[in-house]
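Hi everyone, thanks for coming.

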Amino acid sequence: LARRNEITAMKAGGISVYRAAGPVLGMGLLASLALYGMQEWVLPVTNKVAALDRNVIKGRPAQSSDQFDRRWVLARDERFYNFDYIVETGRGAERGVAEPAPEGSFSVYGFSIYDVDPKSWDLRSRLFANRAAWNPALGAYDLESGWRRTTGPRPTYQTFADQRVRAIGGDPGGEIEPPGYFRREEKPSDTMGFAELTAYIRSLETRGFDVAKLRVQLHRKLAFPMVGLVMTLLAVPFSFIVARRGALYGIGVSIVIAIVYWAVLGIFEA
């Protein structure tokens with residue numbers, strides 16, 4: 001419109017630039033709403049399916065999650081693990097041959113182990129611990145504030161303040177799988193919508209966890225879909241500036257702006 005002086009004719013006829021750009025801004029808003037809708041209702045489901053398929057491709061244990069995002073993992077000895085959250089700190093930097101890098105910490109919270117008869121699906125025993133902390137020096141887990149219950153002709157129930165349980169080695173028969181068995185590559189925020197992630201952050205905050213990274217991802221769920229409207233707001237004035245230089249020039253400028261927008265979003269997210 002600007003290239004053929006139609007904007008000038010509109011202004012001469014009493015139509016403002018804002019009114020002329022209204023339909024374009026409306027399309028930008030619709031694009032932002034479409035992005036938010038896909039991010040809220042399509043991507044969480046597809047990301048969960050992709051994560052399950054990735055575990056199969058990589059030979060990892062089958063994993064799933066319920067509506068409260070509590071994890072379910074199948075052990076190698078056919079027991080079931082269920083946990084609320086995993087806290088892991090990375091290993092330190094290498095310090096040389098004589099002084100290796102220190103191990104990071106690995107803890108599982110709200111941890112349960114279900115031993116089920118694979119033929120009758122009867123529950124044979126269940127172990128629960130508020131926290132299971134990995135002890136790399138001993139190759140075992142230190143369980144805190146839990147209980148163990150067995151069923152059958154003579155059911156038992158025992159509580160404990162702390163207990164040490166060894167990890168399963170190369171062959172089944174131990175108690176708990178090592179930390180590498182529980183690790184997941186996908187981010188939890190990618191598999192949750194805005195409301196679900198908000199509830200997830202609130203539940204972690206009540207237990208004293210650091211949720212700064214998750215809160216950043218929560219705000220990103222609102223910031224990223226706005227790219228449609230923001231790019232449209234930037235495009236309207238640029239359309240008047242580059243109108244005389246041709247469409248290819250305008251496309252090149254828009255690509256540069258998109259790259260800058262993406263880079264700024266990534267920098268401030270970091």
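This is a predicted model: local features need pLDDT of at least 70, side-chain atom pairs count only at pLDDT 80 or more; totals for chains, interfaces and linings use all residues.

The chain has an average pLDDT of 83, and 87% of the residues reach at least 70. Where is the confidence highest, and where is it lowest? The highest mean, 94, belongs to strand β7, residues 140-150, while strand β1, residues 63-65, has the lowest, at 64. There is also a stretch to treat with care: residues 93-101 have a pLDDT below 50, and in the model this stretch makes seven contacts beyond its near neighbours in sequence.

Now find Ser-112, in strand β5, which covers residues 106-116. Is Ser-112 buried or exposed? With a relative accessible area of 2%, it is under the 20% cut-off, so Ser-112 counts as buried. Its side chain has a polar contact with the side chain of Arg-126, at 3.0 Å. Leaving out residues up to four places away in sequence, Ser-112 touches Arg-126 along with Phe-80, Tyr-81, Asn-82, Leu-127 and Phe-128.

Next, let's go to Pro-225, which sits in the loop between α4 and α5. Pro-225 is buried too, because its relative accessible area is 3%, under the 20% limit. Which residues does Pro-225 touch, beyond those up to four places away in sequence? They are Ser-32, Leu-35, Tyr-36, Gln-39 and Arg-220. Pro-225 and Gly-37 are 188 residues apart along the chain, yet their C-alpha atoms are separated by 8.9 Å.

Tyr-36 comes up again with Leu-222, as Leu-222 is in contact with Tyr-36 and Phe-194 once neighbours within four places are set aside. Leu-222 is part of helix α4, residues 212-223. Leu-222 has a relative accessibility of 41%, so it counts as partly exposed.

Last stop: the surface. Val-256, Val-260, Val-264, Ile-267 and Phe-268 make up a nonpolar patch there, and together they have about 530 Å² of accessible area. Take Val-260 as one of them: it belongs to helix α6, residues 247-269. Val-260 is partly exposed, because its relative accessible area is 47%, and that falls between the 20% and 50% cut-offs.

That's my tour, and I'm happy to go back to any of these places with you.

Methods: Residues are numbered from 1 along each chain as its sequence is written. Side-chain values use heavy atoms; hydrogens and water are left out. Patches are made of residues with over 30% relative accessible area and no salt bridge: like charges are joined within 9 Å, nonpolar side chains (Val, Leu, Ile, Met, Phe, Trp, Tyr) within 5 Å. Accessible areas come from the Shrake-Rupley method with a 1.4 Å probe; for residues, only the protein chains shown count as cover. A salt bridge is a side-chain nitrogen of Lys or Arg within 4 Å of a carboxyl oxygen of Asp or Glu. Helices (H or I, at least four residues) and strands (E, at least two) are DSSP runs, numbered from the N terminus. Buried means under 20% relative accessible area, exposed over 50%, partly exposed in between (1.4 Å probe, protein chains only). Contact means heavy atoms within 4.5 Å. A polar contact is a pair of N or O atoms within 3.5 Å; within protein, one must be able to donate a hydrogen and the other to accept it, and residues adjacent in sequence count only if both atoms are side-chain atoms. pLDDT is the predictor's confidence in each residue, from 0 to 100.
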